[in-house]
Amino acid sequence: MFDSFNGDFDIQKEHINNCGEYVVTSGLTDDGILGKSDVNAKIFDNGTITVDMFGNVFYRQFKYKIVTHARVFSLKPKMKITDNQGLFISNALFFLKFSYGYENMCSWEKIKTKQVQLPCRNGNIDFDFMEKFIAELEAYLSVTGLKDTCLSPEEEQALREYDNVNWGKFRMGELFERISTKKLPFKADDLPKQITDKYTLPCLTSSFRNQGLNYFAPRENATILKNVVSIPSNSDVYRAYYQSNEFTVLSDAYTIHWTYDNKQLLPSQYLYAVACINKVTDLPVYSFV
């Protein structure tokens, strides 16, 4: 489906001068756009797709340059596609981000034989469906007001207040305490993935899918938890989650709750705290090794 191309110049931050073309680097911040530069480097066409070392995929509707040391490469479709079709295909490649990271960087050699699932008709890729699907989605977002990115006065005020916040650093052990739980006599493969009979209590494992809750166990003799934070202890994605509903711990994960000043956090405060936790526990800080 694609031909792969690399950049020819190692663009640095000092080359970003707000002139020329956009510069694409690795990461999700601003869709991987570092800024603009008129440095003499290879320019990639619009209507192409970028993939970085973490497996993040973006369709580019504009010409751009690449930060080569960030291990970003460009995919040019072998067929003519519209912007809507490019957006659909790039989202179909979203699964790549779950397989790569610092310990296993994404590259063209690693992904060129992977299969991507796309709509088909009569044995051929259904580009008309892609076009219609994205167009209808954009129309829906426009009608429902979800396409409007203008901030309300209240939202602008909240951002101004956020800029004036005084920040401090705290040890995790000062703020949270780990919760002891009973060990369950089950293995994940022995448990159902849907509620059946007496298996009604969600079980926490190290998975990042569905916030780690992918199995169900009996409530009898289980430590039932709620309104706490879960963290995996043996995973390739070390992401904390706020668990607002009842569950129990099965394996390869643990839970913590707020104890600082004996204060009870509100759900919204827990959600904010989880975002702060993930700044220090999420990849690439921790991994299997």
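Arginine 171 is exposed, with a relative accessible area of 57%, where exposed means over 50%, buried under 20% and partly exposed in between (1.4 Å probe, protein chains only). Its side chain forms a salt bridge with glutamate 174, the closest N and O atoms being 3.9 Å apart; a salt bridge is a side-chain nitrogen of Lys or Arg within 4 Å of a carboxyl oxygen of Asp or Glu. Glutamate 174 is partly exposed, at 35%.

The model is predicted, so local features need pLDDT of at least 70 and side-chain atom pairs count only at pLDDT 80 or more, while totals for chains, interfaces and linings use all residues. Residues are numbered from 1 along each chain as its sequence is written, and side-chain values use heavy atoms, with hydrogens and water left out.

The protein chain holds 6 helices and 16 strands, which are DSSP runs numbered from the N terminus (helices H or I, at least four residues; strands E, at least two). Of its 289 residues, 37% count as buried. Along the principal axes, the C-alpha atoms fill a box of roughly 60 × 55 × 45 Å.

Helix α3 (127-143) has 17 residues, which at 1.5 Å a residue should span 24 Å, and its end C-alpha atoms are 24 Å apart, in agreement; the expected span is 1.5 Å times one less than the number of residues. Within α3, glutamate 136 and lysine 132 lie 4 residues apart, about one turn of the helix. These two residues form a salt bridge with their closest N and O atoms 4.0 Å apart. Glutamate 136 is partly exposed, at 48%, whereas lysine 132 is exposed, at 53%.

After α3 comes glycine 145, whose phi is positive, near 85 degrees. Leucine 146 is found in the loop between α3 and α4 (153-163) and is exposed, at 59%. Together with Phe129, Phe133, Leu137 and Tyr140, Leu146 forms a nonpolar surface patch with about 510 Å² of accessible area. Patches are made of residues with over 30% relative accessible area and no salt bridge, like charges being joined within 9 Å and nonpolar side chains (Val, Leu, Ile, Met, Phe, Trp, Tyr) within 5 Å. Accessible areas come from the Shrake-Rupley method with a 1.4 Å probe, and for residues only the protein chains shown count as cover.

A search of the whole structure finds 7 salt bridges. One of them joins glutamate 246 and arginine 219 at 2.5 Å, N to O. Glutamate 246 lies in the loop between β14 (241-243) and β15 (248-249) and arginine 219 in the loop between β12 (213-218) and β13, so the pair ties together parts that are 27 residues apart in sequence. Both are partly exposed, glutamate 246 at 37% and arginine 219 at 36%.

Strand β13 (residues 228-232) also supplies the largest share of the lining of the largest cavity, 3 residues.
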